[in-house]
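Trainee: I am new to this structure and would like to know what stands behind the labels. Please show it first, then take my questions.

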Amino acid sequence: MAEVSLKAERREALGRKQVKKLRRLGKVPGVVYGRRIEAAIPITLDAREVYHLTHGSHGGSLESIVISLEIEAEGKTSKHPTLIKELQMDAIQGTVLHIDLNEISLTEKIHTRVPVFPKGECKGEKMGGILEQVFREIEIACLPGDLPEEIIVDVSDLGPHDSIKVGDLNMGDRVEVLTDKNQPVFTVIVPRLVAAEAEEAVAGPVAGEGTEEPEVIGEKKGEQEAEAPEGGAKKKK
């Protein structure tokens with residue numbers, strides 16, 4: 001399980017004008033939701049900490065990271081394990097404009113998505129095939145403590161037309177896979193041209209193509225086919 005800590009302050013200022021002002025001050029507005037929370041909690045976070053979270057070195061999806069959120073309000077600090085529910089990003093600058101978090105229970109299963117990454121050099125690609133990744137994320141259910149950050153799949157032994165299905169992934173007994181287990185995650189497709197060339201190589205040359213007539217041994221050049229005179233047979237010597 002990937003886990004990070006974030007500090008936040010309860011936000012009293014609401015409305016668009018106040019939110020814009022917070023952003024100019026280097027803050028990111030957000031909201032915390034949850035079944036155990038009577039009313040959603042408006043918060044502000046430090047923009048630099050949020051940037052490190054969204055552009056960090058972790059390989060997994062942001063949805064697979066448990067955030068230990070510490071909210072300070074009226075001199076008291078409360079801790080909330082959370083998952084990212086939604087991010088609003090600036091399309092040009094890549095900064096976070098708003099963040100929504102869901103409070104979770106560490107003793108109850110959560111439903112989320114985990115990214116899938118290939119590992120190794122695919123044998124089928126060396127033979128002219130193309131490795132296609134059908135699913136980039138897998139839906140799972142598990143306790144937060146068992147949440148994998150990412151799923152690494154070895155594709156080295158995949159040949160042409162081979163595939164690895166969701167049911168082939170080794171997720172362990174503590175992780176329930178919700179995606180259809182019959183769906184392929186990786187498959188090696190073969191372009192028509194490559195397939196046609198492979199079939200031609202196996203079949204060999206077509207009979208009669210590219211072959212010359214054998215020369216008759218013992219006959220001199222030019223005497224293999226003596227022409228008969230008109231109305232008669234071939235002359236005897």
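Trainee: Where is arginine 23 placed?

Mentor: In this predicted model, arginine 23 sits in helix α1, residues 16–24.

Trainee: Why is arginine 23 called partly exposed?

Mentor: Its relative accessibility is 33%. Buried means under 20% and exposed means over 50%, so arginine 23, at 33%, is counted as partly exposed. Arginine 23 also belongs to a surface patch of positive charge, together with Arg16, Lys20, Lys21 and Arg24.

Trainee: What makes isoleucine 84 buried?

Mentor: Isoleucine 84, in strand β5 (residues 76–89), has a relative accessibility of 12%. The limit for buried is under 20%, so isoleucine 84 is called buried.

Trainee: How do you know that lysine 109 and glutamate 176 form a salt bridge?

Mentor: Their closest N and O atoms are 3.8 Å apart. The cut-off is within 4 Å, so the pair counts as a salt bridge. Lysine 109 is in the loop between β6 and β7, and glutamate 176 is in strand β12, so the bridge ties together parts 67 residues apart in sequence.

Trainee: Why is lysine 109 called exposed, but glutamate 176 partly exposed?

Mentor: Lysine 109 has 51% relative accessibility, and exposed means over 50%.

Trainee: What makes arginine 113 and glutamate 137 a salt bridge?

Mentor: The N to O distance is 3.6 Å, and the cut-off is within 4 Å, so this pair qualifies.

Technical notes:
Residues numbered from 1 in each chain as written. Predicted model: local features only at pLDDT ≥ 70, side-chain atom pairs only at ≥ 80, totals over all residues. Heavy atoms only, no water. Patch = residues over 30% accessible without salt bridge, like charges linked within 9 Å, V, L, I, M, F, W, Y side chains within 5 Å. Areas by Shrake-Rupley, 256 points an atom, 1.4 Å probe, with all protein chains shown as cover. Salt bridge = Lys/Arg side-chain N within 4 Å of Asp/Glu carboxyl O. Lys, Arg positive; Asp, Glu negative; His and termini not counted. Charge placed at Lys NZ, Arg CZ, Asp CG, Glu CD. Helix = DSSP H or I, 4+ residues; strand = E, 2+ residues; numbered from the N terminus. Buried < 20%, exposed > 50% of the residue type's maximum accessible area, 1.4 Å probe, protein only.
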